[in-house]
Amino acid sequence: MTTWSEQLVPLHDLQSQHQALARDYVALQAEWQRQKQAASNWLERRGDELQAEAAEQKKAETLQRIFYRIAERATANLSFYEFLQTVHGLLGELLYARNCYVCLYDAQSNTKDFPYYVDERDGDRLQLSHVPYRRGLTEFVLRTAKPQLIDAARLQQLQATGEITQGSGDMSFTSWLGVPMQIRGVTAGVLTVQGYEPSVHYDASDADLLSFVANHVSSAIERYQAIDELRKSEARYRLVIESVGVGVVVVQAGRMVFANPSMVRIVGHPLDYLLSNHFTATIHPDDVAQVVERHQRRLRNEPVETNYGFRVITQGGDIRWLDLSAVKIEWGAADATLMFVVDATARMQAEQTRRVALQKQGELNDMKSRFIAMASHEFRTPLATIHGSVELLRHYQNRLRPEQKAEALKKIDDAVHRMTRMLENVLLIGRADAGQLEFNPQALAVTRFCLGLIDELRSSMAVRCDKVKLVLDLPPSDLELWLDETLLRNILGNLLGNALKYTPDGKTVFFTLQVGTDSLDIKVADEGIGIPEADLPRLFESFQRASNVGTIAGTGLGLSIVRDSVTWHKGSIEVTSQVNRGSCFSVVLPTKILTPNHQGTS
Ligand code: ADP
């Protein structure tokens, strides 16, 4: 065990221990001070850092909010100008942006457009287009494709080096910041802010911010340009469809859902009528079934002609021929038919005219042949008579008795008359064909006129008149009717002449006139050779003769003259006939009775 005295530490030891402790204490204190300072420094730094981080965070949030709003505005169906106005407003939240413009460069025309330009000095709000490309600040950004921060000193420097030779707008800014915009991969625009006050100084971080905004604006511009292109191309297609001369129609669910102005013109109905009725509403009733059938086959994807014609009836009641070509399409996600329609009326009319002309030509050729046949036959007999009589007179003049000479001369005279009548008839037909017959009705004592005509026939057809009985049933002789004498002579002379000519000896011809309230009914019936049924349809054509005439002379002109004269008198003619039994020609001429006592006879 140790004693207390043994445990006593010598004083100098204590002193030295104390000194050592005091040194340690100072050192500790210094260390503590240093560490305290370090901690305080760290805290201060950390505080600053946190503050900066918070500011950065806030800035990032602001940026994000602004970019979100730019993106949102870009799709908000605003006009391009309204969109840029919004961007300008939002830009003001990021940096000094009192003066701001957007420039778009058009490489094709080498000009600049300023769709948005707000500047306190250059005139508040402007929109400029086709501004010539020069060597200004905007062009400098376009050329360098980099953000450019310009103050007075830099401007001077750029001017000195010839980079900037022509400034546009007010150049007295204190700070100018322009950033390039990439549109479809090409530097094609500049977004600019500038300030005229001494306090405005844009820096690199402003340039970064503006570049971010410019990126968003560029995307929006691309979108606006695409929409604009689409609109323009739509407008171009619309213009083509609206102004094309072809009718364009879309039919869906049985109705026209689109019809261009040409369709309206071609069909001759207003647009609202076309759009509000079934698509067949204007089609000619006879053509509806086939149009509908083809339409349905097309919708069922069955084989069907792409082109065909049909008729429509216009609002005014005219019939038009249309040529149509159609295809099945999708219209608003449902099946429809796209139809192209051309007015073929003029062509159809031209074809019809050509057909008629051809037919006429054929008829004329036919008639010419018949005329030649008739002339070569009918002229030969009188010419032979003339020739024979002339020869007789020439060679036997001295030996002929006076009555023989007179007879030869009469034969010549008769033959000449016969030929003259034939030629007169040919000329008459020619005049009738050329529409040169005249209609001059006047008061005519019709019975007296008929009796006179019969006397003329008796003298010119003495032989026949002697052998055929003529039964007359005529109105009282004082009856006066409103008739054209020349036309009536053509009608009655030919009908009676034919009846006498084509009726065998001993048979009868009946001539009846009946006066109605406003017409004269003429009947010339006979018991003659009749007319074969096959010859009846063309009986009234010039130079047309029935197959059973045998050796009976004739030109085939008489009935043609009768027909034309009846037509000019606005009347009608009919014939009934039986071979070997006889024929009956009935003519009705409109007229009026001029003699007061007669109200019609029977
Ligand atoms: P044509 O000079 O031959 O008599 P028309 O034109 O007067 O000429 O008559 C045309 C044809 O009609 C005649 O050729 C004849 O075949 C027929 N025809 C006309 N009238 C009669 C009639 N009364 N009886 C029989 N045939 C007739």
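Three elements, α15 (485-501), α16 (558-568) and β18 (582-590), each supply at least two residues of the shell around the ligand. Helices (H or I, at least four residues) and strands (E, at least two) are DSSP runs, numbered from the N terminus. The largest share of this shell, 3 residues, comes from α15.

Before we go on, a word on the model: it is predicted, so local features need pLDDT of at least 70 and side-chain atom pairs count only at pLDDT 80 or more, while totals for chains, interfaces and linings use all residues. Residues are numbered from 1 along each chain as its sequence is written, and side-chain values use heavy atoms, with hydrogens and water left out.

**Around the ligand**

In total, 21 residues surround the ligand, and the closest are N498, Y502, R545, T555 and L559. By class, the shell has 10 nonpolar, 8 polar and 3 charged residues. Here Ala, Val, Leu, Ile, Met, Phe, Trp, Tyr, Cys and Pro count as nonpolar, Asp, Glu, Lys and Arg as charged, and the others, Gly among them, as polar.

The table lists polar contacts, meaning pairs of N or O atoms within 3.5 Å.

| Residue | Its N or O atom | Ligand atom | Distance |
|---|---|---|---|
| D526 | side chain | nitrogen | 2.8 Å |
| L557 | backbone | oxygen | 3.5 Å |
| G558 | backbone | oxygen | 3.1 Å |

Taken alone, the ligand exposes 520 Å², and the protein buries 98% of that. Such areas come from the Shrake-Rupley method with a 1.4 Å probe.

**The domains**

An automatic or database assignment sets the domain bounds. For this chain it gives domain 1 (22-60), domain 2 (80-225), domain 3 (244-379), domain 4 (397-433) and domain 5 (442-590). The C-alpha centres of domain 1 and domain 5 lie 145 Å apart.

**Two residues to look up**

V446 lies in helix α13 (residues 446-460). Is V446 buried or exposed? V446 is buried, because its relative accessible area is 0%; buried means under 20%, exposed over 50%, and partly exposed in between (1.4 Å probe, protein chains only). Leaving out residues up to four places away in sequence, V446 touches P475, L479, L481, L483, L488, L513 and L520, where contact means heavy atoms within 4.5 Å. The C-alpha atoms of V446 and Y133, 313 residues apart along the chain, are separated by 102 Å.

H88 is found in helix α3 (residues 80-91). With a relative accessible area of 11%, H88 is buried. Its contacts, again not counting residues up to four places away in sequence, are A97, R98, C100, Y116 and V118.

Note on methods:
Near = heavy atom within 4 Å. Polar contact = N/O pair within 3.5 Å; in protein donor to acceptor, adjacent residues only side chain to side chain.
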